[in-house]
Amino acid sequence: AGAMSTPPRRSSRRLASSAAASPTAPLSGCLYRYKHPSWPAPLQAFESPAAHAHRKYCVYIGGLTDGLLACSYVEALGAALDERGWSLVQPVLSSSYAGFGCSSLQRDADELAQLLRHIADREEGDAEFALVGHSTGCQDAVTLLRTAPPELRCRVRAAVLQAPVSDRESQTVEQDSDGSRGRLLAEAEAKLAAGEGEALLSQKYYGFVPISASRFASLVGRDGPDDLFSSDFTDERLAAKLGHMGLAGQRATAPSHPGLRTLFCFSGGDEYVPPSVDVPLLARRFVAAAGGAENGASALILAGASHNLAKPPRAAGEFVAAVCRTLDEI
């Protein structure tokens, strides 16, 4: 994969208490490249703290339009992880920022798998991972744990999905008074039928993101690759999409998996969830789809919290504590 930078080691260090307590304290780290031999250029990852002796890595994956420091709690999460012997890794994927319109979940998963492989090789095989996804980062984590090679999936010991929201259902929250969304979906489906899935649509997503027919159909259409969390799926369909998020599901294709814990973390006041969705019921259905508590799945609803946990003020701290509890249980 070429010569890649390696974060410096340190025997022991603790962030200052003031930094750990403040979600806006600067986050130190080491920026490095990682690359698959077939890629034309490397991608980057930011690993925190700048020097550490950890062998456990929590990979944080943001949502659409996100990149580094995707949510306001990331700095506090990094400090809390360091206290527990975990490093925080924030990858910059080809889909980061405005790149998602011409990418896919599978491409994200492939790039994340290469990041895990890069870190594991750097540590000479002595590395464990956790995944923390926000919004579409949740879909990325689910896709990675379904498609990555067994030897990599066996290294992933936890997945925390913060705001696992259906993009298709979230479209109903936003007004479409002129019917443009329906017209764009029809345009996308026509291009897909003509074998032109990578062609760009006539309008930009969010008004500024060029988007391909295949990605738009995946986000807005029913039962596409991005459509993993919709409340109108049957229990059987949810199990088909999320069954591998529990230990039994992993061991079906990776028999030596040592254990996986999955936390579905919902925002009780998520602005992208339609009022018609029964969130407590959906949380129970997701846990059941992943195989239940006996297979390491659990759920948490943060009362009144927004999609990115920017409010209320307590939400970010509650989430960071929940991540730490999950990792402590490994």
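Axes are lines fitted to C-alpha atoms, for helices over the stretch in contact. The model shown in these views is predicted.

**View 1. Helix α2 packs with helix α12.** The angle between α2 (residues 74–83) and α12 is about 30 degrees, and their axes lie 10 Å apart. Angles under 35 degrees count as roughly parallel, and α2 and α12 are therefore roughly parallel to each other. The crossing of α2 past α12 is right-handed. On the α2 side, the residues that meet α12 are Ala-76, Leu-77, Ala-80 and Leu-81. Their counterparts in α12 are Val-320, Val-323, Cys-324 and Leu-327.

**View 2. Eight strands form an open sheet.** The strand order is β1-β2-β4-β3-β5-β6-β7-β8, and the pairing is mixed. At the edges stand β1 (30–34) and β8 (297–302); each has a single partner strand, so one side of each is left without a neighbour in the sheet. On average, neighbouring strands of this sheet are turned by 20 degrees against each other, direction ignored.

**View 3. A salt bridge joins Glu-123 and Arg-55.** Side chains of opposite charge can pair when their charged atoms come close. The N to O distance between the side chains of Glu-123 and Arg-55 is 2.1 Å. These two residues belong to distant parts of the chain, 68 residues apart. Glu-123 lies in the loop between α3 (105–122) and β5, while Arg-55 lies in the loop between β2 (43–48) and β3 (56–61). Glu-123 has a relative accessible area of 4% and is buried, whereas Arg-55, at 37%, is partly exposed. Both residues belong to a network of salt bridges that also links Glu-47 and Arg-122. The salt bridges in the model number 15.

View 4. The relative accessibility of Asp-235 is 46%, which counts as partly exposed. Arg-285, with 17% relative accessibility, counts as buried.

**View 5. Glu-329 meets Arg-261 in a salt bridge.** Here the N to O distance between the side chains is 2.8 Å. Glu-329 lies in the segment after α12 and Arg-261 in strand β7, so named parts of the chain that are distant, 68 residues apart, are linked by the pair. Glu-329 counts as partly exposed, at 48% relative accessibility. Arg-261 is also partly exposed, with a relative accessible area of 28%.

Methods
Residues numbered from 1 in each chain as written. Predicted model: local features only at pLDDT ≥ 70, side-chain atom pairs only at ≥ 80, totals over all residues. Heavy atoms only, no water. Pairing = 2+ DSSP bridges. Helix = DSSP H or I, 4+ residues; strand = E, 2+ residues; numbered from the N terminus. Axes fitted to C-alpha atoms, helices over the stretch in contact; angles between N-to-C directions. Salt bridge = Lys/Arg side-chain N within 4 Å of Asp/Glu carboxyl O. Buried < 20%, exposed > 50% of the residue type's maximum accessible area, 1.4 Å probe, protein only. Parallel < 35°, antiparallel > 145°, perpendicular 65-115°, else oblique. Left-handed = near helix turned anticlockwise from the far one by under 90°. Contact = heavy atoms within 4.5 Å.
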